[in-house]
Every structure is written in structure tokens, then in C-alpha cells.
Amino acid sequence: MKKVLTATCVLLSVAAAGCSVGVREQTGGGVQQGGPIKLAVVPKAIGFDFWEKVRVGAECAGSKHPDVTIHWDGVHAESDVSGQQSLLQDLLSQGDVKGLVYAATDAKALADITKSAQGQGTTVVNMDSGTTPQPPDVPVFATNNVAAAEQATDALAEQLGGRGKVAFIEFQPGTSTNETRAEGFKKGLAKHPGLQLVAQQSSGSDYNRALQVTQDILTANPDLNAIYAANEPSVLGAAEAVRQAGKAGQVKVIGWDTSEGEIQGLRDGVITGLIAQNPFKMGYASVNAAIGKIRGSADPLPDPDTGAVLITKQNVDGPDVQKLLNPTCENPPA
């Protein structure tokens, strides 16, 4: 029987740093040739367009295998590191989770969760963001953030004719995703000496904070030419600040992810480019890999790079882009 369970967020009060993870003793783990499998799939946060697409991919993968239950759960803010630690701890303590597929909100803080899960025989796969250290037997299915961020910086340089003042809105310093996107952005800047980085602020992955820090940047830099924003809330907040300032189109906004609001901003000309990841593929590949590891599949793991495409106003209505933006199990993106 194929089942999918969607759970609400469970938050337990626990300190973020040095969290002591209490789990059951190892129950044997190893290869499970048959029988039911319960997978806990935990994104960085629920309620975001990106993670909803990950969920569709994860549940699609689960539906392709017999006796697999997907338990989807998460905190409500990507900055809630302690909440995610508590949630994962609680799932592991229940004793019926055979596999844990999750995106780490903080690379260092979540490393002990992976270690504890493996210690009790639970298979672990990371999606989008891994841990530091990253165990060699724990794959990370994710966008090549460095390469994609560099591609977006190249696009920004082209839009500006190679010269201009740029602000960078990052989202969650300490996460591997944030750091690799920042690395790719600055690697791209190094290739375009005419681009000058004049401000760098964090949105905390929060729309309102992104709006505020962008307003502050625009006030301090009235001659700003462009904003590079590193995730969905950052892009939306930055775009709204530019819109409110009456500088839509004048200040270029390029960033990540493809929520409905971002796509509308692209169509309106407020946003000039978006790096579209493949969250469906991320969820699908991660769950499929976890099931394969639990059941002892001899098939090699697929390429962990789940891909990225630059979307502009010119290509947003193309069939391949539309499939990426509206993925289904029946018609998945490549």
C-alpha cells in the first residue's frame, strides 16, 4: 500500500547550540529487503513555494515504491534552527522512522542530528543543504549553487553593460546554501571589475526584513544600479522596496527561486532575472535515494546536482520553463 501523510509543524523548546539529541539505541538498520518504510522528509521550512515543489517531488518518488509512507513536516521559518533540531530529534525518538531526508537550516548545528540518526541505524539523505562535516555516505541532492550564482552574476553584468553599483541581499549566514551562493556571486563579481559591491545585508529569510534592509540600502545609495537577492523572501522584499521607491526597471533585481509573486514581478519588469532550481527533482531524487539505500538497491546514485536555469521575461512562457514552474508527478520536469 502506498501512503502519504502530511503533518503539521511540531516545535519543542530546546537551545539551538549544543543540542543534546536523545535517540533510541541502534535497532540494526542495514538493508531492508521488504516490508514497510516510513520516511521523514523535513525541509528548511514549510509554507514557501520552493519547498512545496520539493514536497510534490518527494511524495511522487514515494508513490513509485510499495509500502512507503512519506511523513512531511517542518518548521515555519528557515531561521528556526532550534525548532528544526527539536523536530528531527522528536521524529528520531519515535523509533519507526527508517529514513531521514532533510535540508539543514544550519550546517554545523545539524551535524549531530545526522550522526545520531546514523548511530541508531536510520538512513540519512540531505536535500538542498547538507552539514559540516558532511558524512561521505550521506548524499546531498542540491543545486550547484556556486555555478548557478555565478551565472546569475554574469547575467546581471550583461544587463548593466558591465558597470554599476550592486547590493547583495543574502538570507541565512551559516547555511551551506547561503554560503555557496555568496561564493558564486563574489566569484562572478571578480570577473566583472566594472561591478562595485556597495552593500551586503541579510534578510534572515524574511520578507519584511528584506524590504527594510533594501529600503535602507536604497536610501544610503541613491545611485544604486542593481540588487542581487539570494532566495525567495529576499527577492520579494527587495523587489517591493524598489517598486515603492519608484525605481522599477531602473534598479535591476536578479535573484533566486520562482514563487508566484516572483514570476509576476518578472512579468512586470521589477525583477529582471531569476535562477530557477529544480525543487521537484530535488525532492524526488532524495527520497528515491533513501529508499534505494534502505532496500539495498544496486543502482548507482544519480548526479547530486539537480540543475538550475536562468528565467527572464523572454523565456518564462516556454514549455520547458513552464514544466519547471508547475511540476506534477504525471508530467515532471527534466
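This is a predicted model: local features need pLDDT of at least 70, side-chain atom pairs count only at pLDDT 80 or more; totals for chains, interfaces and linings use all residues.
Q: Which side chain meets that of aspartate 96 in a salt bridge?

A: Side chains of opposite charge can pair when their charged atoms come close. A salt bridge is a side-chain nitrogen of Lys or Arg within 4 Å of a carboxyl oxygen of Asp or Glu. Here the partner of aspartate 96 is lysine 38, with N to O at 3.2 Å. The two residues come from distant parts of the chain, 58 residues apart: aspartate 96 is in the loop between α2 (81-93) and β4 (99-102), while lysine 38 is in strand β2 (residues 37-42). The helices (H or I, at least four residues) and strands (E, at least two) are DSSP runs, numbered from the N terminus.

Q: Is lysine 38 buried or exposed?

A: Buried means under 20% relative accessible area, exposed over 50%, and partly exposed in between (1.4 Å probe, protein chains only). Lysine 38 has 16% relative accessibility and therefore counts as buried.

Q: Which residue forms a salt bridge with arginine 243?

A: The residue is aspartate 268, the closest N and O atoms being 3.9 Å apart. Arginine 243 belongs to helix α7 (residues 232-244) and aspartate 268 to helix α8 (residues 260-268), so the bridge ties together parts 25 residues apart in sequence.

Q: Which residues are linked in a network of salt bridges?

A: The network links Glu150, Asp154, Lys187 and Lys191.

Q: Which cysteine does a disulfide join to cysteine 60?

A: A disulfide is a pair of cysteine sulfur atoms within 2.5 Å. Cysteine 60 is joined to cysteine 329, with S to S at 2.0 Å. These cysteines lie 269 residues apart, cysteine 60 in helix α1 (residues 49-63) and cysteine 329 in the segment after α10 (319-325). The torsion about the S-S bond is about 70 degrees, so the disulfide is right-handed. Cysteine 60 is buried at 4% relative accessible area, whereas cysteine 329 is partly exposed at 23%. By the rule, the count is one disulfide.

Q: Where is threonine 143 found?

A: Threonine 143 sits in the loop between β6 (140-141) and α4 (145-159). With a relative accessible area of 6%, threonine 143 is buried. Beyond its neighbours within four places in sequence, threonine 143 has contacts (heavy atoms within 4.5 Å) that include Trp256, Gln277, Met282 and Asp305.

Conventions:
Residues are numbered from 1 along each chain as its sequence is written. Side-chain values use heavy atoms; hydrogens and water are left out.
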